[in-house]
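Thanks for coming. Please have a look at the sequence and the structure on the screen, and then I will go through a few places in turn.

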Amino acid sequence: MKVIIYKKRKVQQIMHTVIMAGGKGTRIASMCSDVPKPMISICGKPILEHQIQVLKRQGYTEIILIIGHLGQLIRQHFGSGEKFGVSIRYIEETSPLGTAGALYYLKDILKDDFLLLNGDILFDVDIARMLAFHKKKGGMATILTHPNSHPYDSGLVIAGNDGKVQKWLAKEDERTYYRNSVNAGIHILTPAILDFFTKPEKTDLDRDILKKLIPLQQLYAYVSPEYIKDMGTPQRFQEVTEDIQKNRIMTKNLQNRQKAFFLDRDGTLNVFKDFIKKAEDIELLPGVTEAVRMINDSGYLAFIVSNQPVIARGEASFEEVDRMMDKIETLLGQGGAYINDRFYCPHHPNGGFEGEAAELKIECSCRKPHPGLLLQAAEKYNIDLSRSYMIGDSLRDTGAGKNAGCTSYLLNDHKGNAYDYEDLLSCVKDILQK
């Protein structure tokens, strides 16, 4: 192992960033076998340079690059980092140490929380927002998770409402209904994590380090809809190239105002069956997967906003309603579509139901047509409601949208009432073509 330290520039140090830049890129080697994976050029710049530009723009200028395979090409390009406006140190693996083994060499260097990035991702996220979440939760590690278009062949991170990770499913693990929540390759770690490393040996970050934090209740998931995409295959390389050309990456950073589609659940996404009480009764309507996939591709965020009075009525638990939502995400994921988040109201103002939850029988601000669910999403994801849409099959839905300041559209409820569009697909197509 060699540690190369250039003369440090006088820069404002906020938090160190460590980038794992030693990958060979075996799956994408057919395109660029003569450079390390982080040096693959996309739109005229190496992946690593795109990453450093995002970091510098947000003030994260103290960078440590962990290099290995053809690492001299990285050093030749970036040097001390001065011409890129950052300060770079290098740790070079003399033999492969897996996805985390080289972190052993940081034990005497890092004394504060640090950002750890995979070197093969294109991203643009509000790092300060993630750091604030990490500090508030106080765990040893926070990983950024997000939905993707292929959850069925991805590892899934299952977290509670408090963000604490409860389970981490590998691709081969059995799963029925699941939330589309995938590790994105962006982490904030405390220096205490380095105590897990007792010698420089081959180590897998996820399996050998992060998953061990789950029973300790020290691992948190920060959910974000921001742009993160790995460059593992030629197809993804082409997708990212197009996203750069169409300026889709920076606009998804939550420092920027977002726009969204708010979607009702029953009768809009899934077949209306009066009060659905179990996940097995969820059935997607025709065209819904295509409609949500179009939203995903458009740059809008997609949210479910739903009244679920079955909880207050004592007919379904919070856990079962979450299973219903998980089934929707599972079915959408099978078709390459995803929901960014879901919000639901568990309240019901009227009493008299056997087994009802008395504490939930209240007048609230989140039950549609009140706008509370949309306002929650807007605050969480910095959404410009005036540029967003609410789509549902009842006047409660359109009322919530209008009360929140969105443009609202009513779908056919098949009860003979006047409506704007027959179904979700025709509505989304028309909006996006305007």
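Is F78 buried or exposed? F78 is buried, at 2% relative accessibility; buried means under 20% relative accessible area, exposed means over 50%, and partly exposed is in between, with a 1.4 Å probe and protein chains only.

Before going on, a word on the source. This is a predicted model, where local features need pLDDT of at least 70 and side-chain atom pairs count only at pLDDT 80 or more, while totals for chains, interfaces and linings use all residues. Residues are numbered from 1 along each chain as its sequence is written, and side-chain values use heavy atoms, with hydrogens and water left out.

Back to F78. The ring of F78 pairs with that of F84, at 5.0 Å centre to centre and 50° between the planes, which is a tilted pair. Rings of Phe, Tyr and Trp (its six-membered ring) pair if their centres lie within 6.5 Å; planes under 30 degrees apart are stacked, over 60 edge-to-face, and the rest tilted. F84 is also buried, at 15%. For Y104 and Y105 the ring centres are 5.4 Å apart and the planes are at 80°, so this pair is edge-to-face. Y104 is partly exposed, at 24%. The count of aromatic pairs comes to eleven, and ring pairs link F261, Y300, Y389, Y409 and Y421 into a cluster.

Now the helices. Helices are DSSP runs of H or I with at least four residues, strands are runs of E with at least two, and both are numbered from the N terminus. Two packed helices are described by the angle and the distance between their axes. Helix 1 (residues 47-57) and helix 2 (residues 71-78) have axes that come within 11 Å and cross at roughly 45°. Which residues of helix 1 and helix 2 make the contact? From helix 1 they are L48, E49 and I52, and from helix 2 they are I74, H77 and F78, where contact means heavy atoms within 4.5 Å.

Helix 1 is mostly covered, with eight of its eleven residues buried. Among them are L48, E49 and I52. After helix 1 comes G59, whose phi is positive, near 90°.

Last, two single residues. V182 lies in strand 12 (residues 182-189) and is buried, at 9%. Leaving out residues up to four places away in sequence, V182 touches several residues, including L144, H146 and L156. D326, in helix 7 (residues 318-334), is buried at 15%. With that same exclusion, D326 touches Y177, Y178, R179 and R342.

Technical notes. Axes fitted to C-alpha atoms, helices over the stretch in contact; angles between N-to-C directions.
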